[in-house]
Amino acid sequence: MASPFPSVPMMPPVKVTVPGVLKLLKGLNPNKACGPDNIGPRLLRDLSEQIASSLTTIFQQSLHDGIVPGDWRKANITPVFKKGQKYLCSNYRPISLTSIVSKLMELVVCSSIMTHTNMHNILYPLQHGFHVRRSCETQLIDLVNDIANNMQSGLQTDICVLDFAKSFDEVSHIHLIHKLHWYG
């Protein structure tokens with residue numbers, strides 16, 4: 001079935017620049033935990049001028065070849081308690097501490113994807129997730145404002161609340177890949 005929306009042009013290749021990588025390195029929080037490679041953010045930040053060019057080359061090569069270095073796919077997993085009975089494994093959320101360097105490359109890729117989605121208005125304008133300067137808090141402010149305006153105007157407000165717990169566990173990879181292709 002054809003989509004009612006026009007197809008979006010293909011996203012240009014991700015461009016990795018030395019100034020961009022240098023900016024990311026200098027912005028690292030030295031107090032964050034390191035990943036399984038034991039390369040801490042303080043070391044990366046302090047050596048940013050010396051390593052920015054080499055990291056840029058590694059990032060470009062990884063993106064060009066479509067291969068993520070094996071060490072970047074490793075993580076230290078820490079269980080963080082959510083709620084309920086502490087003896088049930090299902091009440092813990094796994095936190096993955098990955099390599100800081102891999103997180104930097106993720107930021108480069110994410111920035112390119114967000115530039116593409118913003119340029120082509122792919123995200124719904126009233127959506128609060130994945131938009132700069134929008135969050136759960138801004139969504140709640142808008143909701144409360146709408147309810148207050150409706151109350152002042154004597155209008156009824158109906159709200160349907162859905163809980164999509166673990167919804168990302170149920171995403172069809174085939175459909176996701178199709179959508180990613182559709183949006184360039």
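**View 1. The salt bridge between D46 and R45.** D46 pairs with R45 in a salt bridge whose closest N and O atoms are 3.7 Å apart, the term standing for a side-chain nitrogen of Lys or Arg within 4 Å of a carboxyl oxygen of Asp or Glu. The model is predicted, so that local features need pLDDT of at least 70 and side-chain atom pairs count only at pLDDT 80 or more, while totals for chains, interfaces and linings use all residues. Residues are numbered from 1 along each chain as its sequence is written, and side-chain values use heavy atoms, with hydrogens and water left out. R45 counts as partly exposed because its relative accessibility is 27%, given that buried means under 20% relative accessible area, exposed over 50% and partly exposed in between (1.4 Å probe, protein chains only).

**View 2. The salt bridge between E49 and K26.** The side chains of E49 and K26 meet in a salt bridge at 2.8 Å, N to O. This pair links distant parts of the chain, since E49 belongs to helix α3 (residues 48-65) and K26 to helix α1 (residues 18-26), 23 residues apart; helices (H or I, at least four residues) and strands (E, at least two) are DSSP runs, numbered from the N terminus. E49 is exposed, at 51% relative accessibility, whereas K26 is partly exposed, with a relative accessible area of 46%.

**View 3. The salt bridge between K74 and D71.** K74 and D71 bring their side chains together in a salt bridge of 3.5 Å, N to O. K74 is partly exposed, at 46% relative accessible area, and D71 also counts as partly exposed, at 47%. By the rule given above, the count comes to 3 salt bridges.

View 4. I159 lies in the loop between α5 (136-152) and α6 (173-182), and is exposed because its relative accessible area is 52%. Just after α5, G154 takes a positive phi of about 75°.
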